[in-house]
Amino acid sequence: MKKLLLPMLLVCALLSACDTAKKETSAPTNLDGHWLNQEYLEALEASHSPKNVADNYTFYATELIYDHTKGDSIMVFNGQAEFATLPMKRHGDTLSLKLNQDDITNIIYSANTKTLTFTDKELNRVFRFVRADSSLIDKSFTPKVAFPSAVNKATFEGKWDIYEHLSTQKSGEFSRFGTIKGWDKYDNYTVCVNGDCVANEDGDVIFLGTKDKSDMYGFRSKGDSITIFELKQINDEDEKPIYKQGMPLMLLKKAPRP
């Protein structure tokens, strides 16, 4: 039996060496792409109201954009108009950088859930991001983003019958990329998602526009319909505007599927 000891030790040593080599040479996960705030989108799918989400959910990053060819940095999008390119270091499947008030934040990829997760110690919150489907990436933005398309998909995307006061019934098809087809009044739209856009104390805000103008309205979603309201400023004109909803102006009802 003693004669078997040396060969067995050699086999164990070789297996251990192979396992170590495998660990040392295993490539990190490809994290390139657009990563969206999962909790925000789940809350928006449930309420169809960006204001409701903002009132009940603290967030400062809605999308993370990572491209390993751009060096040691990651881009953070706040959901409306602001981008920040932040320096970071990568160790395996962990991205380390400074976010919010914390000295260091570790964004960790989980192979089990296929998510990027980080903990904000100042807020005592865990944030989770999922990779965006390629169909959500809007190439009309510079840089390209996916979050606005995800918001549009959860709120306005689809075909609508449009009822306007003292006007005949019309229809329009809202795309996830902010365009409108078939409506003679407007051909594009933007949904506000945070206070950097416009503050409406009574509900949400949408901009409906053409190439020549952009009109601001309040809106409220309920079931398969959306009511569009006029907005009235309630504070002094020399201050940053705060609005309340006035008269209802339009009703959008989901068009029945053919």
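Visitor: Before we get going, what counts as buried here?
Guide: Buried means under 20% relative accessible area, exposed is over 50%, and partly exposed sits in between, with a 1.4 Å probe and protein chains only. This is a predicted model, so local features need pLDDT of at least 70 and side-chain atom pairs count only at pLDDT 80 or more, while totals for chains, interfaces and linings use all residues. Residues are numbered from 1 along each chain as its sequence is written, and side-chain values use heavy atoms, leaving out hydrogens and water.

Visitor: OK, helix 4: how many of its residues are buried?
Guide: Eight of the nine in helix 4 (residues 147–155). Among them are Phe147, Val151 and Thr155. Helices (H or I, at least four residues) and strands (E, at least two) are DSSP runs, numbered from the N terminus.

Visitor: Switching to the strands, what do they close into?
Guide: Eight strands make a barrel, in the order 1-2-3-4-5-6-7-8, with antiparallel pairing. Neighbouring strands of this sheet are turned by 30 degrees against each other on average, direction ignored. Axes are lines fitted to C-alpha atoms, for helices over the stretch in contact, and angles run from 0 to 180 degrees between N-to-C directions.

Visitor: How many bridges join strand 3 to strand 4?
Guide: Five, between residues 73–77 and 83–91; two strands pair if DSSP finds at least two bridges between them. Met75 has Thr85 in strand 4 as its bridge partner.

Visitor: And which cysteines form a disulfide?
Guide: Cys192 and Cys197, with sulfur atoms 1.9 Å apart; the cut-off for a disulfide is a pair of cysteine sulfur atoms within 2.5 Å. The structure holds one disulfide.
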